[in-house]
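Thanks for coming. I will show one model and then talk through parts of it.

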Amino acid sequence: MRVGLFITCVNDTLYPRTGQAVVTLLERLGVQVAFPMAQSCCGQPQFNTGYRHLAEPLMRRYATAFQDVDHVVTPSGSCAAMIRDNYPRIAAKAAAEGRGDAMSEAAAGAVAKTHELTEFLVDILGVTDVGAYFPHTVTYHPTCHGLRVLRLGDRPLRLLEKVRGIELRELAGAEECCGFGGTFAVKNPAVSAAMGADKARALDDTGAAAVCAVDNSCLVHIGGTLARSGSAVRPVHIAEILASTEGSVL
């Protein structure tokens, strides 16, 4: 099985260790991982801000970059949701505007093979115990795109429950948004900050040493809020937990 890693803009720019963790994890599970250098942004910022036509070339680029792999795996629920949920919408609009079926073909190919990391592990590889070791107290925040668009359900928790050494703490109001929402945080900073403060208080109440999620975009917002409040809770992507072993705890 040959898998392409879609790193995403946030991870490539700010959290390269998450991408490295995905490769470490997948290769440990016997998966051949490729990193197509032609990959770029999935187009989510443009689409969410109303610039649908600017997202179209990025959609075509994505489909072309990953055309030679069996599956695409990304450590981002929001970017996976953009591809799976919005690429078909973009293609349908393009067809309605009389610009042919090329966009529909590109969308169909991209949607069929794209998976968020935890759903790839559970649904495609059929594993929940990935041989991880992480001797810390951790609480899990289900991000909005993973929860409501991809419907990841308990997949992340099923993986975390099999991690040796971990102690999971339940998060009150777990399904409430952290307040990031991409451009929402820029356009509505006061509301975003208030939502982040609520989430930070709930995280502190767990007594956990770390909060994990499937999206670093949410974790950067949560982490900044926690840091400003003086909290000891640290953000960590689920990939970094799952990639950790007794010989190498990330």
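First, the ground rules. This is a predicted model, in which local features need pLDDT of at least 70, side-chain atom pairs count only at pLDDT 80 or more, and totals for chains, interfaces and linings use all residues. Residues are numbered from 1 along each chain as its sequence is written, and side-chain values use heavy atoms, with hydrogens and water left out.

Let me start with the strands. Helices (H or I, at least four residues) and strands (E, at least two) are DSSP runs, numbered from the N terminus. Take strand E5, residues 137–140. Thr 137 and Thr 139 point one way from E5, Val 138 and Tyr 140 point the other way, and all are buried. Buried here means under 20% relative accessible area, exposed means over 50%, and partly exposed is in between, with a 1.4 Å probe and protein chains only. In general, side chains in a regular strand alternate between the two faces of the sheet.

Which strands pair with E5? Two strands count as paired if DSSP finds at least two bridges between them. E5 runs parallel to E7, joined by three bridges, and E5 also pairs with E6 in the parallel sense, again over three bridges. Thr 139 has Arg 169 as its bridge partner in E6, and Thr 139 stands opposite Val 211 in E7. Tyr 140 has Cys 212 as its bridge partner in E7.

Now E7 itself, residues 210–213. Ala 210 and Cys 212 point one way, Val 211 and Ala 213 the other, and all of these are buried. E7 pairs with strand E8, residues 234–237, in the parallel sense over four bridges. Val 211 stands opposite Pro 235 in E8. Between these strands comes helix H12, residues 216–228, and E7, H12 and E8 make a right-handed β-α-β unit. Right-handed means that, with the strands pointing away from the viewer, the path from the first strand over the helix to the second runs clockwise.

On to the annotation. An unreviewed UniProt entry places the feature "domain: Cysteine-rich" at residues 3–84 and 138–222. UniProt positions are in the numbering used here, feature names are shortened, and annotations may be inferred rather than shown by experiment. Residues 3–84 are 56% helix and 12% strand, with the end C-alpha atoms 17 Å apart. For residues 138–222 the figures are 51% helix and 12% strand, and the end C-alpha atoms are 14 Å apart.

Next, charges. How many salt bridges does the structure hold? There are eleven, where a salt bridge is a side-chain nitrogen of Lys or Arg within 4 Å of a carboxyl oxygen of Asp or Glu. Arg 52, Glu 56, Glu 97 and Arg 99 are linked in a network of them. Within it, Arg 52 and Glu 56 meet at 3.7 Å, N to O. These two are separated by about one helical turn, because they are four residues apart in helix H4, residues 52–65. Both Arg 52 and Glu 56 are buried.

Glu 97 and Arg 52 form another salt bridge, at 2.6 Å, N to O. That pair links distant parts of the chain, 45 residues apart: Glu 97 is in the loop between helices H5 and H6, and Arg 52 is in H4. Arg 52 counts as buried because its relative accessibility is 17%, whereas Glu 97, at 39%, counts as partly exposed.

Asp 129 and Arg 164 form a salt bridge as well, the closest N and O atoms being 3.5 Å apart. Here the partners are 35 residues apart, with Asp 129 in the loop between helix H7 and E5, and Arg 164 in the loop between helix H9 and E6. Val 10, Leu 14 and Val 220 make a nonpolar surface patch of about 220 Å². Patches take residues with over 30% relative accessible area and no salt bridge, joining like charges within 9 Å and nonpolar side chains (Val, Leu, Ile, Met, Phe, Trp, Tyr) within 5 Å. Areas are Shrake-Rupley, with a 1.4 Å probe and only the protein chains shown as cover for residues.

Last, two angles. Most residues other than glycine have a negative phi. Thr 8 has phi near 75° and is buried at 5%. Arg 151 has phi near 55° and is exposed at 61%.
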